[in-house]
Amino acid sequence: MGYNSTDGYLKILDELIDEYYLPANMINKLMGYMKSIYRSDLQNNYSAPMLWIGMYIALASLVCILAMVADLLHGLRSRKLWFPCRYFKLNAAFLAVISVAMKLPVDLSGSMPGDVDQVAKLGSMAFMCTIMANLLPCLATMGSNELLSNVTGLCIFVITMVVNVCIQISTGVVSYKEDAKVIQKVSPNYDIKISKHRNTVLASIYVALSLVLLMVHVCSSLAILKSKKIIDSKYQQRHQRASKDIQPSPGELLMVEKLQEYVRNHWIMAGSGSPQFITACFRTTSASGVICVLVTILHTLTMSWTIEAIFTKDCDSDYGWSMIAILIVQFIGVVIGTIAPFSRCFATLSLKVSFKIISNHFMVFEVESYWTSKLYSWKSASIKLPIHSHNLKVVVEALKRLILIFCIELQEGVVVVCKIIALIPFVFMICLLYSFHFLKWLPKAVIISLGENTTERNKDLRPYVLCLEDEMELGERTLEGLSKSVNEMIQKGEKRQPKNLNLRELIQGISSSGFQGLAKFDHIDPNRVPSLGSTVQYHDSWSIPVVTLTTIAVSLGQNEGESLFKSVREGLVYVNIVEECLNVTNDHVSIRKEAETLWEEVYVEHKWLGHKFQDLPPHVKTARQIVEWFRDTTKTIDHEDGSNGEKNDDSTHRSICANSMYHITKTMLIDNENIENVSHEQLFKDISSTIADIIAACLTNLPQVITMKCHTSEIEKREAGVKDAALLLGETKEIIDTLYKDGNNNIPCMNPSDLPFISNWRAHLRNP
């Protein structure tokens, strides 16, 4: 640790005493300054890590920028030019990152002596405004509790930052460079050629804009809660309409064409009723975009005044040269971060632009009910407090009503102000569009969006469009884009179909017995095939029997074994999807996980419960001996687990798999009395046919899975659910066509609710 200033001061003091024989009282006064100099040296040593803290701030800012860039790329790729928030979201993780990036504005005591230091602090405030404008649509992705906690966290942070900046303005931390202050102190009459109040005014503007954006967030949150309910109510009506033609009766088959129509209708509902899209069309969102553009202009001007200071490295704070890195990174963030909020100002282009819509935009003093509905419901609700005094209850209720009346008035005021601000981009957009239209420069696609002299396309999709207000209509160009996007997703799924080629060949080439193999592979008759000692069973599982039968088939050593392996691997992907969607009880979930674990062991390690099934003992040669070896191995495993006496996850897994193998091998031995004469090839074909029957029966549930994925109760997850359904439909079109081709009469006439369960299939096939 060095104390250069203290040592230098003592050296100068010694020279003065030796040369000028200073009196004692003057020496004592000069020595009194040594403590301050010593403290300054200590402070410099303590501040040494601040350089790296500055780099940490720049890194946190870079993380926010990368997330914003990712959202921009996602919006461009999905052709959503209102740029939904997919990566940059308001949550605990990003609040922590933002708090690190905003260390400069909340730093009360750090001196900012240079021009770069001052502008970097202002740049952080501008960056915070940009961040808030970018985060606005992500509020719509949250549930009520999550929205409350995250907005509360944002309010606390922004208010803390604003208070700290106000303190810094009053104390002079945010003002102008230190050199000018020193000159003014030494020579009060010296004319300083610098704007003393420029930084203070800019900081005050950023503070005001931060508070406005915070109010916009709170205001939008209240509207989002009600708008979701409105959209959800309309969605339920449209969903019932779409479901009328898709509900199969017993024995009725779902064609791919009907599924495509069903998926397309739900994609229109999910896209037009997306909470983020609804929020992007809010006037508050347009107002935040205008504020963001204003902040960018101000900060760009400030940066232009600071270029010389950056080149001369006029940064004398404890953060050192890292201030330049912070300033440049956050300026890039401000510029890039303005793109999305500015684009959202024109989100109304997605709607039909009619004279009625234009006139409604100019009625700025009319506040729609969904902005204040939540506050009115709180006002009418009673507060249940553990208070026994009637008078105190009256006082609390009256106070609550007064506060909420004020909040309602404030909410309406904020909405009106946002509507006025939102007129700026709206008027610009309308003037530009109609100017191009009248001059015949407007592309045909934009003419269609104006709704004039165009023929409506996609009329069959129009009833499924969800709009927050009844007078709104989705533009034809936007509707066409949604229709194209769902077609592209289905086509994207179709491109993945070569991945299930072996599965399709298995189903087409073998599964022709009317699913009879499903009924015969395991006779669960306690008198003929008693269970092992374990009480753990595997009933109602599609995947466990498939994996067990595949293990036996591959152990027969046929050349087709590798092909069967690939077919089963492809089939289990869809079997697991069916089980995840339709078999959702705890027992089903547990058994599915056991099947996945067993398949990993069988497929990757070529082992069954630790036994190499492709390297059997030398005396095991015939088909009967192989089946008996698996049967005897299950008994050994059951005996070992029983003698151990401990029940854990591994013993449960072994018991489920062993019981499956025991039942299947015993059934084979009982049903095939002449198994001695059965060749490996014949047994392999029989088992392969049974596997194909089980997988094919399971995959008859794919249409039900697709329709289920389309309809999600949570409004925030509907778009992702329909996307998964579209991709799955594209992947499995040929499989569904194969299973249902020519009105396949082999599919039993069962209640659709019974189809997801293998036990119901087996019961029906035994007693049709």
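**View 1. Helix 6 packs against helix 7 in this predicted model.** Helix 6 covers residues 115–135. Its axis lies 13 Å from that of helix 7, and the two helices pack at an angle of about 155 degrees. Angles over 145 degrees count as roughly antiparallel, and therefore helix 6 and helix 7 are roughly antiparallel to each other. Their crossing is left-handed. Which residues meet here? From helix 6 come Lys121, Met125, Met128 and Met132. From helix 7 come Leu154, Phe157, Val158, Met161, Val165 and Gln168.

**View 2. Helix 6 also packs against helix 13.** Helix 13 spans residues 322–337. The axes of helix 6 and helix 13 are 9 Å apart, and the packing angle is about 30 degrees. That makes the two helices roughly parallel, because angles under 35 degrees count that way. Helix 6 passes helix 13 in a left-handed crossing. On the helix 6 side, the residues in contact include Val116, Ala120, Gly123, Phe127 and Asn134. On the helix 13 side, they include Met323, Leu327, Gln330, Gly333 and Gly337.

**View 3. Thr171 sits in helix 7.** Helix 7 runs over residues 144–171. Is Thr171 buried or exposed? Thr171 is exposed, because its relative accessible area is 53% and the cut-off for exposed is over 50%. Now look for Leu108. Thr171 and Leu108 are 63 residues apart along the chain. Their C-alpha atoms are separated by 9.2 Å.

**View 4. Trp305 belongs to helix 12.** This helix takes in residues 283–311. Trp305 has 47% relative accessibility, so it counts as partly exposed. How far is Trp305 from Asp115 in space? The distance is 9.6 Å, C-alpha to C-alpha. In sequence, 190 residues separate Trp305 and Asp115.

**View 5. Thr550 is a buried residue of helix 22.** Helix 22 spans residues 543–555. Thr550 has 0% relative accessibility, so it counts as buried. What does Thr550 touch, leaving aside its neighbours within four places in sequence? Its contacts are Phe565, Val568, Trp599 and Ile691.

**View 6. Helix 28 has buried residues covered by other helices.** Helix 28 runs over residues 702–710. Its buried residues are Leu702, Pro703, Val705, Ile706, Thr707 and Cys710.

**View 7. The protein chain holds 30 helices and two strands.** The chain has 768 residues, and buried residues make up 51% of them. The chain exposes about 36,800 Å². Carbon and sulfur atoms supply 57% of that area.

**View 8. Residues 445–455 have a pLDDT below 50.** Start with the protein chain, which averages a pLDDT of 83. In the chain, 85% of the residues score at least 70. Over residues 445–455 the pLDDT is below 50. Beyond near neighbours in sequence, this stretch has 22 contacts in the model. Where pLDDT is low, predicted coordinates should not be read in detail.

Key
Residues are numbered from 1 along each chain as its sequence is written. This is a predicted model: local features need pLDDT of at least 70, side-chain atom pairs count only at pLDDT 80 or more; totals for chains, interfaces and linings use all residues. Side-chain values use heavy atoms; hydrogens and water are left out. pLDDT is the predictor's confidence in each residue, from 0 to 100. Contact means heavy atoms within 4.5 Å. Helices (H or I, at least four residues) and strands (E, at least two) are DSSP runs, numbered from the N terminus. Buried means under 20% relative accessible area, exposed over 50%, partly exposed in between (1.4 Å probe, protein chains only). Accessible areas come from the Shrake-Rupley method with a 1.4 Å probe; for residues, only the protein chains shown count as cover. Axes are lines fitted to C-alpha atoms, for helices over the stretch in contact, and angles run from 0 to 180 degrees between N-to-C directions. Angles under 35 degrees count as roughly parallel, over 145 as roughly antiparallel, 65 to 115 as roughly perpendicular and the rest as oblique. A crossing is left-handed if the near helix is turned anticlockwise from the far one by less than a right angle, and right-handed if clockwise.
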